[in-house]
Amino acid sequence: MQTNKIIYLITTKGCEACHIMTNIMLTVLDELNSVTLIVRDVSEIPMFIQAKVSLHDFPTLVFIKEDVIKYHASG
């Protein structure tokens, strides 16, 4: 049974830390087939994330398992 595991990396324009985090996450997750990384600008994220996660500091990581937000971290 394969579970739906997604990590959203939420970025914003001109954010150097966002660029660095994108490179780190792509490198780390390169070997993991069980996790999907989705990199999106803050203006393009799904409404269910916007409603449940405070988006004031970037980059923001949102960990989702089976369509439920399990954890999020900013900065």
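The mean positions of the 6 positive and 8 negative charges of this protein lie 9 Å apart. In that count, Lys and Arg are positive and Asp and Glu negative, while His and the chain ends are left out; each charge is placed at NZ of Lys, CZ of Arg, CG of Asp or CD of Glu. Welcome to the structure, which is a predicted model: local features need pLDDT of at least 70, side-chain atom pairs count only at pLDDT 80 or more, and totals for chains, interfaces and linings use all residues. Residues are numbered from 1 along each chain as its sequence is written, and side-chain values use heavy atoms, with hydrogens and water left out.

**Overall build**

- The protein has two helices and four strands, and along the sequence they follow the pattern β-α-β-α-β-β. Helices (H or I, at least four residues) and strands (E, at least two) are DSSP runs, numbered from the N terminus.
- With a radius of gyration of 12 Å, close to the 11 Å that the globule rule gives for 75 residues, the protein is as compact as a globular protein of that length. This radius is taken over C-alpha atoms, and the rule is 2.2 Å times the number of residues to the power 0.38.
- The C-alpha trace spans about 40 × 30 × 20 Å along its principal axes.
- Among contacts between residues at least 6 apart in sequence, 59% join residues at least 24 apart; contact means heavy atoms within 4.5 Å.

**Surface and interior**

- Buried residues make up 33% of the 75 residues. Buried means under 20% relative accessible area, exposed over 50%, and partly exposed in between (1.4 Å probe, protein chains only).

**The nonpolar cores**

- The largest nonpolar core has 13 residues, of which Y8, I10, I49, L55, F58, V62 and I64 touch the most other members. Such a core is a set of buried Ala, Val, Leu, Ile, Met, Phe, Trp, Tyr and Cys residues joined through side-chain atoms within 4.5 Å.
- Strand 1 (5–11) and strand 3 (60–65) are the elements that give two or more residues to this core, and strand 1 supplies the largest share, three residues.
- Another core lies apart from this one; it has seven residues, among them I7, M21, M25 and L29.
- Beyond its neighbours within four places in sequence, Y8 is in contact with I38, R40, P46, I49, T60, L61, V62 and I64.

**A closer look at T11**

- T11 sits in strand 1 and is buried, at 12% relative accessible area.
- Not counting residues up to four places away in sequence, T11 touches C18, T22, V39, R40, D41, V42 and F58.

**Backbone details to look for**

- Most residues other than glycine have a negative phi, and most peptide bonds are trans.
- The peptide bond from F58 to P59 is cis, with omega near 0°. P59 lies in the loop between helix 2 (47–52) and strand 3.
- E66 has a positive phi, near 50°. This residue is in the loop between strand 3 and strand 4 (68–74) and is partly exposed, with a relative accessible area of 41%.
- D67 also has a positive phi, near 65°. D67 is found in the loop between strand 3 and strand 4, and at 59% relative accessibility it counts as exposed.
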